Structures are given as C-alpha cells and as structure tokens.
Amino acid sequence: MIYIDKEMDTPLYEQIYRQIQEDIISGNLSPGTLLPGIRTLSKTLGVARNTVDKAYTQLAVEGYICPRKGAGFAIESIRDSKRSGEIQNLSCAVTDDSGHETEERNLPYDFQYGSFPDECFPKAAWKKYMLEVLSSPDSSSYMTQYQDKQGNRSLRCELRNYLYQTRGVVCTEAQILIGCGLHYSLDSLCKLFASHKRIAMEEPGYNGAKEVFQNNGFLIRHIPSTQDGLDFSGLKTLDVPAVYVTPSHQFPYGTVLPISKRRELLEWAAEENAYIIEDDYDSEYRYDANPVPSLQSIDGNDRVIYIGTFSKSLSPSLRINYMVVPKHLLGAYHQMFSSYSSPVTWLTQEVLARFLRSGDYTRHVRRMCAVYRKRHDIFVQQLSKQFGPKIVLHGQGAGLHFLLEFSDGVHADRLILTAKKAGVRVYPVTPFWSVSEACPPNMLFAGYSLLNEGQIQGGIRLLKQAWAL
C-alpha cells in the first residue's frame, strides 16, 4: 500500500518512488509482479498522472522495474545486498575527459564531443569569485606556497557536501583527491595497483582510460558491453584486482547499469577483495529522469573508487577533477605520493570552492542541463524526421553524445567521408573497441554540446542530403 502525505516537503513522485523501491528491495514486491497502471494509481492516490509517470520512469531508469508491452510495468529481479535496506537519495546532479582525437575545427557543423561554446562558461560568476579570492588578505601567502597533494581543503570540504547531496557519495574530505583530469587520476591508481598489473574494463569502453592502463603496462581484460548493458557472467574468471566502469551512463552506448547488475558487481568486489573504479563522467545530464544514484552510494564494503569531473559542467580546459578513495587505501597513497603537490593551481581550486559554496555552481548546472536537454531533443527529433527508422539512436535521455546505428551493409567510413565533403564532421567508433575488427562497421559517434539548436538542425539536414539512405 502506498501512502501519500501532501503536507510533507518531499515531492509526491518521490514519495511514490521511495515506497515502491523499498518494497522491491525488501521483497514485498516479487519479480514479475505488475504495478498498477499509471491512470489507475493516479486515481487511487489522488495525484496527477505525470506524478506517477515520473516515479515509474525513475524506477525504470534504475532497473527496478521494466515496461511490458500492453501490460504496464513489471518488477525486475534484483540481488540481495548487505545494504539492501538502505534507500538512496534522489537528486539533480553532475561530471572527465571522454574522448576521441580531435581534428581541425574548420567545418561548419562539427558533431564533436567534449568542447562547448564560449557562452556556456559562467564568465561573470567566475570573474567575481576570482577577484574575491585575490582580494582576500591571505591570498598572497597561499599563492607563493606549494599545495597539499590532495588539493585545497576548502574545495574538498565543499565537494564532500555537494557529492553527498547530489550523488549520495558518503566520504570525508580526507578521502578526496583533487586531480587535473581522469588520465591523472587513473595514472595515480595504476601506481597504487602496480604490483598487480591487471584490470578489467568495458568493451567497448572509453579509449582514454584504456590508453592510461596500457601505458602503465597493465593487462586489460574485457567485460562485454552491448546496447542492452554489461555482462558480468565471466567476471570471476578474469582474475583481476579492479574493474573500470561507467555505470550511470556507459561510454559509449549510454546505457544505465540496473540495480541488479550494480549489486552483482558490488558483491563480486566484496568477495574477491577487489576494487571498482566508478567513472561518473557526465551524471548531471539526465533528461528523462533524475540522475541515477552513484555506485559508491550503495557500496557497503568500501570497495568503490569514485571519480568525477568538472570538464562536462564547467570547462575541459580548467583541468580539474576529483577522486574519492576508500579509507583503507589512504595509507598507501600518502606513502607513495608523500612528496607530491597538487597539480591544479591554488587559485583555480579556491575560486571553484567559492562557486560551490555560494550555490552558483548548482544553479549553473541546472541551466546547462536545460540547454543540453533542448539540444538533445532537437537532435532526436531532426534525425527521426530526416531518416526515420533508417538510423537507430543509442544513448537517448542522457549525456552529451549518441551512437548512430545504420542498417547492415552501410559502412561508417564512407558516411564520414561523405559528411565531411558536405561540411559536417561525425566520428568513428573504432577507438572504443580494443580490436578494430570487432567494431560494428555500421556505427557512428556524434556529440551535440558544441552546436546550438539551429546548427544541429542545419547539420542533420546536410547529412540527409549527403547520405542518400
């Protein structure tokens, strides 16, 4: 039975979401059970249909329920967990370098991923806080000293609060390490795990992470990833001390790791005394539901190393990210990096700390989420209008990129060249596969953060003319 209290501050949809989630986790709702229809439940509870729809959508995104054609939503099977009684926070949140090689930027329409137009950076607010920092009495002493290797304590304290509120991450400021990008953070981890030299990661997956592991001499084992999600069935046979995953928005497919798979992965880490490196690179950009709670937030055994970034929310050129390290790894970290200092300037960190403390950063993220949602929707609408079912989009509803899948017999290399001649740049997906022969020949990669809505429309119209599908 669901009870609604309209006097509570908690939104109505969240009350519905939490009660159903708790019933699923506790076993009161068994797998396969059909939930009441949206119209039926809205009448029963005396709330609007979109209130129930929003609750169901969030549950579906997180993998608690799944749609059944003509029958509504059914309960999914989830695994037990040592923290199965804990209910995670819903919130609106955020996230590192993701990438591919960038070519010259002289084409009129560039569907690249990772860069943003100038107007997306909050220049006025950044200038305001920079002047405040430089005007503070003690700024000169800090500006002329080496910094703590973990980063400014002021920034780490603000991050601790922000990550708990937005991603459910539970940590102390002592566990947070400020870095200059994902590559830096992963390189540090490779040094901590140097005695093992083995790691598992998604296939396909982010080629930037793969390059770091390879440069450190690590043997990479693969976790199969498809448009349907990750397959952990062979994980125990891989004999690795750590895995690198992007559970909230798998790169590049864009899928969300459901709750049952999350618990399966956490159980593996606990049983094998292994670690999970969670790259939460763009979790703030979720358009069809609230951001999915982080893997770290449901980890009851302190086995998750959480990595986030400001590259997608502020600017990749700031070169600032963060990593939350389990407490029992801190001793080894301090011993190995005892003489290091922070790779990010004190001024940048202090400005960002004030930006977070004031609430301006949260407001900025909210604005950018609205901007990118419009661009996401325009991309989806225009591609459907121009190509219909000839192109399947993977990764809808979140992030800043899509995978475009064409029918068999269509080759991406030809499409890329044809598009370039027409003034449009789209990208190959081969860098995300470790073996190029395993990469589907009929897929392309396209981002939409660099182009405004009109440019997205114009670019897709040119693709229609050029591709003649």
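Predicted model: local features only at pLDDT ≥ 70, side-chain atom pairs only at ≥ 80, totals over all residues.
Close-up 1. Local features need pLDDT of at least 70 and side-chain atom pairs count only at pLDDT 80 or more, while totals for chains, interfaces and linings use all residues. Residues are numbered from 1 along each chain as its sequence is written, and side-chain values use heavy atoms, with hydrogens and water left out. Searching the whole structure gives 30 aromatic pairs; rings of Phe, Tyr and Trp (its six-membered ring) pair if their centres lie within 6.5 Å, and planes under 30 degrees apart count as stacked, over 60 as edge-to-face and the rest as tilted. Tyrosine 142 and tryptophan 346 are stacked, with 5.3 Å from centre to centre and 10° between the planes. This pair links distant parts of the chain, 204 residues apart: tyrosine 142 belongs to helix α5 (residues 139-143) and tryptophan 346 to helix α11 (residues 346-358). Helices (H or I, at least four residues) and strands (E, at least two) are DSSP runs, numbered from the N terminus. Tyrosine 142 is partly exposed, at 40% relative accessibility.

**Close-up 2. An edge-to-face pair, phenylalanine 337 with tyrosine 340.** Here the ring centres are 4.9 Å apart and the planes meet at 90°, so the pair is edge-to-face. Phenylalanine 337 is buried, at 3% relative accessible area, whereas tyrosine 340 is partly exposed, at 40%.

**Close-up 3. Charges over rings.** A charge sits over a ring if NZ of Lys or CZ of Arg is within 6 Å of the ring centre and within 35 degrees of the ring normal. Look for lysine 54 over the face of tyrosine 13, at 4.2 Å from the ring centre. Arginine 303 lies over the face of tyrosine 275, also at 4.2 Å from the ring centre.

**Close-up 4. Strand β15 and its neighbour β13.** All five residues of β15 (residues 443-447) are buried. Met443, Phe445 and Gly447 cover one side, and Leu444 and Ala446 the other. Strand β13 (residues 401-406) runs antiparallel to β15, joined by five bridges; two strands pair if DSSP finds at least two bridges between them. Leucine 403 has phenylalanine 445 as its bridge partner in β15.

Close-up 5. Cysteine 190 is buried, at 3% relative accessible area.

Definitions and conventions:
Buried < 20%, exposed > 50% of the residue type's maximum accessible area, 1.4 Å probe, protein only.
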